[in-house]
Amino acid sequence: MIGAGRAAGRRRRALYQLALAVALAIVPLAARAERIVGYLYVEANEGSSSGGHVAMRFGDEVYHFQHEPPGVLRLHRDDAADFLFRYSLLLNRGVRESRVAVDDDTFDLLRDEMSRRSLVQAAQFDALRGLYADADLLAGIERAPSAPVAVVLPGFGFFDRDRPSGSAALLALRNCVCGRYGPAFLSRRAAAAERSLAELPPPLPAIEAPLGENCRPARPPAFSKRYADLLAARQAARLVEDAPALDPVAVRDLDGDDAPLAADERAALRRYQSRLNEDLCVLAAADRSDWGTGLAMGMARLAAVERSLDRGRWSVLDVHPAAAPTAVVPRGELRQQYLDVLAAESADDLAAARRDFASADRGDIGYALVESAANARLEAERGRAGGPIRLAAESLVPLREARLEGPPPRWSRDETAASRRATEAAADALSAELVRLHRYDLIRRNCVSELFATVDASFATLPAVQGSADRGAAIRAESTRRLGGWVETGFDPNFIPLASEAAVDAHWRVVERRTFPSYRDLRIAALANDEPAWRVALRESNTWTSATYRPGEDDSTFLFFGDAPLPLRPLVGAANVLYGLGSGVVGVAALPFGDVGPLDRGFRGALYSLPEIGFVHLRKGTTSFVERSRVPVPDLP
Amino acid sequence: MRSPSLSLLLLAALVAMAGCSISDSISSPFKSSSASSRSSESNQTKFHNSVVDYTASFAAGQGDFDVFQQGLSDLAAKYGQTNWQSDPETYVSVGKGLRKAKVNQGTLQAFIVNVAKGDSTKAAAIQKGYND
């Protein structure tokens, strides 16, 4: 019995020890809660950021600095999949990711600092844009003090204001507004906006004191914005009252191959119509300054929804602003392929957006996806018919503008001149301040150095660092504790994107490296499955015989791709230099006809081929279009 | 390509030619698979997360509430919304942003007064986002 009891005790102790060991193993893991921050190195290629580019990825967000006019660095946040699609596929640059293991706290600390910095910068440059817009508007008023003030307003270009629509939906909105707030409400609102327009005081912005890199300018809304908002309010109140017809050129019907409304789409449209009517009825009485623009856009959508329900097929607003950029469609045999792929993919996107709209009641957000996809689909068809393909703006609201006129301010000419001078001075001062704060410098402030500076800045917010006598040392210590090490950028090669990747690999806690291949690499690998590798390599080595090369619009002239075996690269580079120079010389013949393209492409080609003489793999070409079916969806944990 | 020093020098020369800019000349209507499969649900989540970040950034500094609301309108427009006030979750996201910025009660109340503007449902939504 005693022996059996001892054996049972030993088993219990062994179990406790095992449980303790498991617990000890689990606790640090739980406390660490590892997450991944990706350091992205984008390979060099010709064109912008030809020396390579870098970014940091936090889940589905990517942050990176871009060098922009007037010589400043701006921090941008992009969707990670879009970033990779643009760089690795359209720009044909492989992207390598060094995956750094961090804990939750560090992930949030770094990501939040990137987000905060990009938003503060955006506010600073928005303030500058507002001052410039004010100066323009004031100069116009100064030139013609008694003339009406013309302003271009987005969202107001959908209506034919001289033609009543008889739209039941717009009349229902008018009835809702008049019933809820009284029959004179709309005319009172329009009159109040008109009075406020005339009574706006001349802006006298102060010169911005030194801002600080992380400070939002504490400015009121720009004068031009307030004027536009008041004019939009006046006009929106009149729109509700008049219930005008949609301008026929501002609405687009989907017919032909696109299916009629299914029963669930019809039901979803009815629900959306009812919800939109109520939202707009509330918005008509909102005390937000920019209510008028939202109301105009919403009313146009309301009329388009009604048209869809009447027709039994989708009708959508033409969402493009007047100056929408257009796609550059390749010429020759690639043209048809480009248009066919675009038409097929845009049809798929529209079908997906329609399914999503029918299955989920998400109001404007779901409707906007159908509106956007339908416009893309119609633009693709327009391209097939030989027309230009307009590109949508980043915003998903319908932007079609109208030029409207407001009353001239009741200021003296001297007051207007003083206001204009003060605004120009404030704009110039803020511009100089922003250039000082965000100045681009090849070595000390570039896309690499600022990324690491932002990482350091995130550590600088920690109490332990702020309370330290030697902040630099404290930041380095935090970086070492949280990332595994600290990367120095200054007068060393780390300012070069490629060298910075090596520095991250050497100093940070990199647990995995992965590559997002370029479009060219993906296609060559796929072709090598179907035919001998040597034949693929030979055919794809040059731009004459390559089956995968679809030159992008800005590609310069070159003959051989730069991914030749290492010992051959100087030869390939020399051949490309000579080929580019030769093409440039031949291009001189086109100058008398006003065509500088061949000359420009030839000499640029020679210039960008020079690094290959030093073994750098640069010439990759870009890709004018990519079929989604031929590229994998990147896994972005 | 792993670093013969000549290559690094040439890359440095390339950086000098066109460092860190983006090819803004891309005018392509083609979209990534991710963009094409973007759903209203994911856009709604992204919009609300953007409101949290924006509010946190705004509340950490000084600013005019008209400017704050214009910023919300710009964010909403990016996702196709013409009227962010009709979405109660926007106000919850504003509250979450205020908590993220670790604002004091005074600042919280200032936001409630100036953004909810006397609407008790909206005020409660901001408070809820701040408390959760």
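Author: Let's start with a definition: a salt bridge is a side-chain nitrogen of Lys or Arg within 4 Å of a carboxyl oxygen of Asp or Glu. Keep in mind as we go that this is a predicted model.

Reader: Thanks! How many salt bridges does a search of the whole structure find?

Author: Over all chains, the search finds 67 salt bridges. One of them joins Glu61(A) and Arg111(A), whose closest N and O atoms are 2.9 Å apart. This pair links distant parts of the chain: Glu61(A) belongs to strand E3 (residues 61–68) of chain A, while Arg111(A) belongs to helix H3 (residues 104–143) of chain A, 50 residues apart.

Reader: Are Glu61(A) and Arg111(A) buried or exposed?

Author: For this you need one cut-off: a residue is buried under 20% relative accessible area, exposed over 50%, and partly exposed in between. Both Glu61(A) and Arg111(A) are buried.

Reader: Which parts of the chain does the salt bridge between Arg271(A) and Asp361(A) tie together?

Author: In that salt bridge the N to O distance is 2.8 Å. Arg271(A) sits in helix H7 (residues 263–283) of chain A and Asp361(A) in the loop between helix H9 (333–359) and helix H10 (363–384) of chain A, so the pair ties together parts that are 90 residues apart in sequence. Arg271(A) has a relative accessible area of 39%, so it is partly exposed. Asp361(A) is partly exposed too, at 46%.

Reader: And where do Glu379(A) and Arg382(A) lie?

Author: Both are in helix H10 of chain A, 3 residues apart, which is about one turn of the helix. Glu379(A) counts as buried because its relative accessibility is 1%, whereas Arg382(A), with a relative accessible area of 31%, is partly exposed.

Reader: Which residues are joined into one network by salt bridges that share partners?

Author: The network consists of Glu61(A), Arg77(A), Arg111(A), Asp112(A), Asp53(B) and Lys100(B).

Reader: What is Ser500(A) in contact with, leaving aside its neighbours within four places in sequence?

Author: Its partners are Tyr39(A), Val54(A), Val448(A), Phe452(A) and Asn494(A). Ser500(A) is located in helix H15 (residues 497–507) of chain A, and it counts as buried because its relative accessibility is 0%.

Reader: Now the surface. Which residues form the nonpolar patch there?

Author: Leu578(A), Leu581(A), Val585(A) and Phe603(A) form it, with about 380 Å² of accessible area together. Helix H18 (residues 569–587) of chain A gives the most, with 3 residues. Leu581(A) has its place in H18 of chain A and is partly exposed, with a relative accessible area of 37%.

Reader: Finally, how many helices and strands does chain B have?

Author: Chain B has 7 helices and 0 strands. Of its 132 residues, 55% are buried. The chain exposes about 5400 Å², with carbon and sulfur atoms supplying 52% of that.

Definitions and conventions
Residues are numbered from 1 along each chain as its sequence is written. Chains are lettered from A and ligands numbered from 1 in the order in which they are written. This is a predicted model: local features need pLDDT of at least 70, side-chain atom pairs count only at pLDDT 80 or more; totals for chains, interfaces and linings use all residues. Side-chain values use heavy atoms; hydrogens and water are left out. Patches are made of residues with over 30% relative accessible area and no salt bridge: like charges are joined within 9 Å, nonpolar side chains (Val, Leu, Ile, Met, Phe, Trp, Tyr) within 5 Å. Accessible areas come from the Shrake-Rupley method with a 1.4 Å probe; for residues, only the protein chains shown count as cover. Helices (H or I, at least four residues) and strands (E, at least two) are DSSP runs, numbered from the N terminus. Buried means under 20% relative accessible area, exposed over 50%, partly exposed in between (1.4 Å probe, protein chains only). Contact means heavy atoms within 4.5 Å.
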